[in-house]
Every structure is written in structure tokens, then in C-alpha cells.
Amino acid sequence: QVQLVESGGGWVQAGGSLRLSCAASGRVSSAYAMGWFRQAPGKEREFVARIWWSSGNTYYVDSVKGRFTISRDNANNMMYLQMNSLKPEDTATYYCAAGKILTFPRTAEYWGQGTQVTVSL
């Protein structure tokens, strides 16, 4: 069983930066991927980025490519999302998730409670 807890959300002006953290309690299997999703008010949850826990291989959706960086610290069971050049359309609740590499992000077994990111003009 893995429990995920996000932190680091907040308010920032457009063009600014935030770093989200996700703390995993319990062992994250090397066969797992972890990633970030977000959900804006009135919209469906969308996948943002993922990282393979073992190799560190990363993938980003086009809307955040070049602006967001996902990373992990295996020794401390932490995952991060560095968000730069933030835009108002990045405003959403951001969720940390984990699941088996073969089916992630289509399916995720573990979810955090979410952290709010608000970007204003």
C-alpha cells in the first residue's frame, strides 16, 4: 500500500514558478510509474507528466513541455514537479498518482488528495 501526499501549491502571478512535492509512504515498486494530473473547475482531470520510478524516464503533455520538469528522489520516496513560466490556464488542483508502468497513466492505483495551484494575470 502506498499513500501519497502533495504539497507546494499556492498562488503565483503569470510567468512565475512553483514546485510541487509528492511524498510517498510505503515502498514504491520499481515496476511503477508516478505522475501528476490536474483538474480545473468544470473540466475533466487531465494527465500532465509522468516518471518511471526505476529509470527516471519522463514524459510530458505538449501543453507543459519545456515549462514543467518532473523528477524523483528514490532514496526519500519523493517526486517533484517544477513549474516555470506559469500561465493562468495552469490553474487547477494538482494530483500526484502512482501505478504500474504498463498501464500508467491510463490507470493509477494510488492518488494523493490534491494541492491547489492558482495563476493570476
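Two strands are said to pair when DSSP finds at least two bridges between them, and the strands themselves are DSSP runs of at least two residues, marked E and numbered from the N terminus. The model on your screen is predicted, so local features need pLDDT of at least 70 and side-chain atom pairs count only at pLDDT 80 or more, whereas totals for chains, interfaces and linings use all residues. Residues are numbered from 1 along each chain as its sequence is written, and side-chain values use heavy atoms, with hydrogens and water left out.

**First stop: the sheet.** Select strands E1, E3, E8 and E7, which in that order make up an open, antiparallel sheet of four strands. At its edges you will find E1 (3–7) and E7, each of which pairs on one side only. Neighbouring strands here are turned by 15 degrees against each other on average, with direction ignored; the axes behind such an angle are lines fitted to C-alpha atoms, and angles run from 0 to 180 degrees between N-to-C directions.

**Second stop: strand E8.** E7 and E8 form a hairpin with four residues between them, and in the turn asparagine 77 has a positive phi of about 55 degrees.

How many of the six residues of E8 are buried? Five of them are, where buried means under 20% relative accessible area, calculated with a 1.4 Å probe on protein chains only.

Select Leu4, Met34, Trp36, Leu81, Met83 and Tyr94, which touch the most other members of the largest nonpolar core, a group of 37 residues. Such a core is a set of buried Ala, Val, Leu, Ile, Met, Phe, Trp, Tyr and Cys residues joined through side-chain atoms within 4.5 Å. Zoom in on methionine 83, which touches, among others beyond four places in sequence, Leu18, Leu20, Phe68 and Val117.

**Last stop: alanine 98.** This residue lies in strand E9, and alanine 98 counts as buried because its relative accessibility is 2%. Its contacts (heavy atoms within 4.5 Å) beyond four places in sequence include Leu4, Met34, Phe104 and Tyr110. The C-alpha atoms of alanine 98 and tyrosine 110 are separated by 5.2 Å, although the two residues are 12 apart along the chain.

How values were computed: Buried means under 20% relative accessible area, exposed over 50%, partly exposed in between (1.4 Å probe, protein chains only).
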